[in-house]
Amino acid sequence: CWFAPQPWFEIVYQELHNAGFQTTRMCGIWTKNSPGQNMNPSIRLSNSYEMFFYAWKGQPALNKAGRSNEFRYPPVPPSQKTHPTERPLELMKEIYDTFAFPGSRVFIPFLGSGSGILAAYELGMSPLGFELSKSYKDSFLVKVHQMGKA
């Protein structure tokens, strides 16, 4: 569950618990290995990382036991993005490969650019997701077609 620390950290943390999930305040971190991204560089520092909660029910095993909570991948170049918060396909593959096994079912409630559903598919998982925006959905379908997945 990706989130911005302010004001969402505590809200998302509590809602995960309210939904019956367990999690820790030691989040996963995507380090972008770049100068960072910024919508207002004249007055704000650039963001070179993003945080995500990983949560569970029961006693699941990690596919990559002992892996660090830091995921280092460069961001998608702005000129290649189809969604403002697009994450690289390789990052999403590494995240799914850490937490799930081939054959797992993966639910992605906000498809955005489609990187998550493509990553799960490429890892032999069964992804299911939704996207309300027709323009994002259309750009994702073009990407699927170009990759030969359709």
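Analyst: Start with strands. Two strands pair if DSSP finds at least two bridges between them. Note that this model is predicted.

User: How many bridges join strand 3 to strand 4?

Analyst: Four, and the two strands run antiparallel. Strand 3 covers residues 28–31. Within it, Trp30 stands opposite Glu50 of strand 4.

User: In which sense do strand 1 and strand 4 pair?

Analyst: Antiparallel, over two bridges. Strand 1 is residues 2–3, and strand 4 is residues 49–52. Here Trp2 faces Phe52 in strand 4 as its opposite residue.

User: Now aromatic pairs. What is the arrangement of Phe52 and Phe71?

Analyst: Planes under 30 degrees apart count as stacked, over 60 as edge-to-face, and the rest as tilted. Phe52 and Phe71 stand 5.7 Å centre to centre with 55 degrees between the planes, a tilted pair. Phe52 belongs to strand 4 and Phe71 to strand 6 (residues 70–72), so this pair ties together parts 19 residues apart in sequence. The whole structure holds ten aromatic pairs.

User: On to helices. At roughly what angle do the axes of helix 3 and helix 4 cross?

Analyst: Angles under 35 degrees count as roughly parallel. The axes of helix 3 (residues 115–122) and helix 4 (residues 134–146) cross at roughly 30 degrees and come within 10 Å. That makes helix 3 roughly parallel to helix 4. Their crossing is right-handed.

User: Which residues make the contact?

Analyst: Helix 3 contributes Ser115, Ile117 and Leu118; helix 4 contributes Phe140, Lys143 and Val144. By class, the contact has four nonpolar residues, one polar and one charged.

Terms used. Residues are numbered from 1 along each chain as its sequence is written. This is a predicted model: local features need pLDDT of at least 70, side-chain atom pairs count only at pLDDT 80 or more; totals for chains, interfaces and linings use all residues. Side-chain values use heavy atoms; hydrogens and water are left out. Axes are lines fitted to C-alpha atoms, for helices over the stretch in contact, and angles run from 0 to 180 degrees between N-to-C directions. Angles under 35 degrees count as roughly parallel, over 145 as roughly antiparallel, 65 to 115 as roughly perpendicular and the rest as oblique. A crossing is left-handed if the near helix is turned anticlockwise from the far one by less than a right angle, and right-handed if clockwise. Contact means heavy atoms within 4.5 Å. Ala, Val, Leu, Ile, Met, Phe, Trp, Tyr, Cys and Pro count as nonpolar, Asp, Glu, Lys and Arg as charged, and the others, Gly among them, as polar. Rings of Phe, Tyr and Trp (its six-membered ring) pair if their centres lie within 6.5 Å; planes under 30 degrees apart count as stacked, over 60 as edge-to-face and the rest as tilted.
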